[in-house]
Amino acid sequence: MNPSLLRLILALMLAPFLWTAAGAQAISFPELGSALPGRTDVTYLDLARMVIPDLAADKDGFYRGGLPIEMRHIEGPDSGGSPPDTSGFSNAAVLAIKAGGKDRLTMLFDLGDSPDSAEGYAVLALYDITAKPKLLDAVNVALDRGTYFREPGKLSVGANDDVLITMSAHFNSSQNYVITPLIMIRDDKFEPIDMIYTFDENLCAYSRKQDVAFQGIADGQPYAAIKVTVTDSTVLNGESCDDTPPRPESHEISVTYHWDKKTSRYTKDSDALDKLAGENANRF
């Protein structure tokens, strides 16, 4: 299947994860040639060219360019593949955030397939646009074939800071695999907090879905605690099938991440989500 068509189908399937945030005017998808709000001297294309220097619109309004600037993978030097030699997209996701008490802008560019990895290649870029725009950081956040901001896109962990929530996913006829990173910004650099792995199935007699919710909880630390809850639900669809379906049920798996001043990082209070990831891997 054509990679661009595959990404479109995946985006439509993942719409419930994505568009609620857009409707709340948090995540937007502006025309790249349009000016930033309140500015006449800078467009989103100017910002995008800080990542892909030769990016330009073709006659159909699609934006194409060559290799992006060099960057690390959010998981570290041993993760991720190479970027595609050429990139193309019609727009990019834009999300304004707070980082260290400063107003910052993030943009997420899904550049397509990596030539040497099953994962795609997606750039999360951080900008200071308060005066002359400056690219502060850029990382590859692709962990699967298609990468997006995931609702709610960001989570406040204090008056001065937001944590970013992205997602990478792929699907087949009956299964949907999703990886959800939590990413913080310190000193204008992206830092990973953790990766959350979920797995949905839609089989003959039943469906099993794992929804993820996020909550910030003030606990007296410089950064608020982050509670992540996965609701794992099995629902019968009434079809008569050869295999005996499981019992319908729903339960929650929760983990809370607390800021540790000694290590200057978030630590989680249990390995429940790691165990869920292991159980899901056995179901693939």
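**A strand and its surroundings**

Guide: Happy to, and keep in mind that this is a predicted model. In S11, the residues Asp162, Leu164, Thr166, Ser168 and His170 point one way, while Val163, Ile165, Met167, Ala169 and Phe171 point the other way, and all are buried.

Visitor: Why do the side chains split into two sets like that?

Guide: In a regular strand, side chains alternate between the two faces of the sheet.

Visitor: And how many of the residues of S11 are buried?

Guide: 10 of the 10 residues, over the stretch 162-171, so strand S11 is largely enclosed by the rest of the structure.

Visitor: Which way do S10 and S11 run, parallel or antiparallel?

Guide: They run antiparallel, and 7 bridges join S11 to S10, which covers residues 146-156. As one example of the pairing, Lys154 has Leu164 in S11 as its bridge partner.

Visitor: What sits between S10 and S11?

Guide: The two strands form a hairpin with 5 residues between them. In that turn, Gly158 has a positive phi of about 150°.

Visitor: OK, now S12. How many bridges does S11 share with it?

Guide: S11 and S12 (residues 175-186) pair over 6 bridges in the antiparallel sense. Across that pairing, Ser168 stands opposite Ile179 in S12. These two strands also form a hairpin, here with 3 residues between them.

Visitor: Is Asp187 buried or exposed?

Guide: Exposed, with a relative accessible area of 78%.

Visitor: Which other residue has a positive phi although it is not a glycine?

Guide: Ser264 has one, at about 55°. Ser264 is in the loop between S16 (249-260) and S17 (265-268). With a relative accessibility of 31%, Ser264 counts as partly exposed.

Visitor: Let's change topic. What is the order of strands in the open sheet of 3 strands?

Guide: The order is S2-S3-S5, and the pairing is antiparallel. S2 (56-57) and S5 (87-89) stand at the edges with a single partner strand each, so one side of each has no neighbour in the sheet.

Visitor: How do S2 and S3 pair up?

Guide: Over 2 bridges, in the antiparallel sense, with S3 covering residues 63-65. Ala57 has Tyr63 in S3 as its bridge partner.

Visitor: What does Asp54 touch?

Guide: Leaving aside neighbours within four places in sequence, Asp54 is in contact with Arg64, Gly65 and Gly66. Between Asp54 and Gly65 there are 5.3 Å from C-alpha to C-alpha, and the two are 11 residues apart in sequence.

Visitor: And on the S5 side, where is Ser82?

Guide: Ser82 is in the loop between S4 (72-73) and S5. It is partly exposed, with a relative accessible area of 30%. Beyond its neighbours within four places in sequence, Ser82 is in contact with Ser114, Pro115, Asp116 and Tyr121.

Visitor: Nice. Can you zoom out to the whole protein?

Guide: The secondary structure comes to 4 helices and 17 strands. Of the 284 residues, 47% count as buried. The C-alpha atoms fill a box of roughly 65 × 50 × 35 Å along the principal axes.

Visitor: How does the radius of gyration of the protein agree with a compact globule?

Guide: A compact globule of 284 residues would have a radius near 19 Å, and the protein has 20 Å, which agrees.

Visitor: And the contacts and the surface?

Guide: Among contacts with a separation of 6 or more, 52% are between residues 24 or more positions apart. The accessible surface is about 13,900 Å², and 50% of that belongs to carbon and sulfur atoms.

Visitor: Last one: how far apart are the mean positions of the positive and negative charges?

Guide: They are 6 Å apart, for 26 positive and 40 negative charges.

Terms used:
Residues are numbered from 1 along each chain as its sequence is written. This is a predicted model: local features need pLDDT of at least 70, side-chain atom pairs count only at pLDDT 80 or more; totals for chains, interfaces and linings use all residues. Side-chain values use heavy atoms; hydrogens and water are left out. Buried means under 20% relative accessible area, exposed over 50%, partly exposed in between (1.4 Å probe, protein chains only). Two strands pair if DSSP finds at least two bridges between them. The radius of gyration is taken over C-alpha atoms; the globule rule is 2.2 Å times the number of residues to the power 0.38. Contact means heavy atoms within 4.5 Å. Accessible areas come from the Shrake-Rupley method with a 1.4 Å probe; for residues, only the protein chains shown count as cover. Lys and Arg count as positive and Asp and Glu as negative; His and the chain ends are not counted. The place of a charge is taken as NZ of Lys, CZ of Arg, CG of Asp or CD of Glu.
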